[in-house]
Amino acid sequence: MLDRTDPQRAIAETAARCSNWGRWGDDDVLGTVNFIDEAKRREGAALVRRGASFSLSQRFDADGPQKGWRRRTNPVHTMTDTGLDAVHGGQGFPHGFGGADDVIAMPLQCSTQWDGLGHIFDHGRAWNGRPADMVVTSAGDLVTGIEHLAAPVASRGVLLDAGRTFGDEGELPDGFAITEEHLTATAEAHGVAVGRGDIVCVRTGQLTRARRNGWGDYAGGPAPGLSFTTAAWLHRTEIAAIATDTWGFEVRPNEFDHAFQPLHQVVIPHIGLLIGEMWDLDALADDCAADGVYEFWLTAAPLPITGAVGSPVNPLAIK
């Protein structure tokens, strides 16, 4: 049982029990992505039967969920050359050639994204016990930048549709804490096992609700999500990564009287777990419910932005 009044103790004790510091050597920059080896990728690729492909990304546009908290805004997309320029402006190219160009400005964690290993610290310590001020500076993440994950994040994917399994009409209510028991029961209901090197996608249905009712407080407000008590399961199963359809992965409000994202404080700097947020799992979930197959090939490479502590991603699930 959690003592709601003492998050400090719960975080410290859980971090000590679940720590992967030193597991892959002092110089490690991959964390749990180390669990994805060549055999695991072959296993995942072998799951492709129909060739059906699902993008698990929200669209990156001005109609996204962000409201400006900590300078997180929605993408600003600007055209620098257009068809109007080509037809009326005289772009200066020969033989009738014309074209369009554009730029985008956005926080790297404004929509479907990965949290990198340099994103969260615990008492000034980053992944693998490194001093945070020696890892992330104004020059970026000098050690565990997201660019290190550009190649390895492709593996067997597993969908755990907790929204359909425990929710009302496929949606969990805000504040619903998904426990290890919920995760295990959902896997059993889907006839799928979770294990080493898997990328686990947990659908709560909150994004479905936000699309129907409007964004509201989707970004940073109350949400269903993983219970703090799932830290041991996340460590024990040796999964490579986990992603949800919510803003912050873990249940909100958090399970302590005064806390902010305590599960993040354990799983990123101590377990070294790759966390995905704001993934769109609805079309994939509909297909899995229709054919009864909840495992697939999943590739989800971040953009190799040197020194970044997070990255937009367009995950592809292929069945």
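Predicted model: local features only at pLDDT ≥ 70, side-chain atom pairs only at ≥ 80, totals over all residues.
Figure 1. A pocket is an open set of 1 Å grid points, where a 1.4 Å probe fits, with protein on both sides within 12 Å along at least five of seven lines; lining residues have an atom within 4 Å of a point. Its lining comprises 15 residues, and Met1, Leu2, Asp3, Ala10 and Thr229 lie nearest the centre. Helix H1 (7–18) and helix H8 (231–236) each supply at least two lining residues (DSSP runs; helices at least four residues, strands at least two). The most, 5 residues, come from H1.

**Figure 2. The largest pocket has a volume of about 560 Å³.** Among its 18 lining residues, Trp69, Arg70, Arg72, Gln109 and His119 are the closest to the centre. Strand E4 (113–115) and helix H9 (262–271) each give two or more residues to this lining.

**Figure 3. Trp24 and Trp127 form a tilted aromatic pair.** Ring centres pair within 6.5 Å; planes under 30 degrees apart are stacked, over 60 edge-to-face, the rest tilted. Here the centres are 6.3 Å apart and the planes at 45 degrees. Trp24 lies between H1 and helix H2 (38–45) and Trp127 between E4 and helix H4 (132–135), so the pair ties together parts 103 residues apart in sequence. Trp24 is partly exposed at 25% relative accessibility, whereas Trp127 is buried at 1% (buried, under 20%; exposed, over 50%; 1.4 Å probe). Ring pairs also link Phe35 with Trp24 and Trp127 in a cluster.

Residues are numbered from 1 along each chain. Local features need pLDDT of at least 70, side-chain atom pairs 80 or more, while totals for linings use all residues, and side-chain values use heavy atoms without water.

Methods. Points joined across faces, edges and corners; volume = space filled by probe spheres on them. Phe/Tyr/Trp six-rings, centres within 6.5 Å; stacked < 30°, edge-to-face > 60°.
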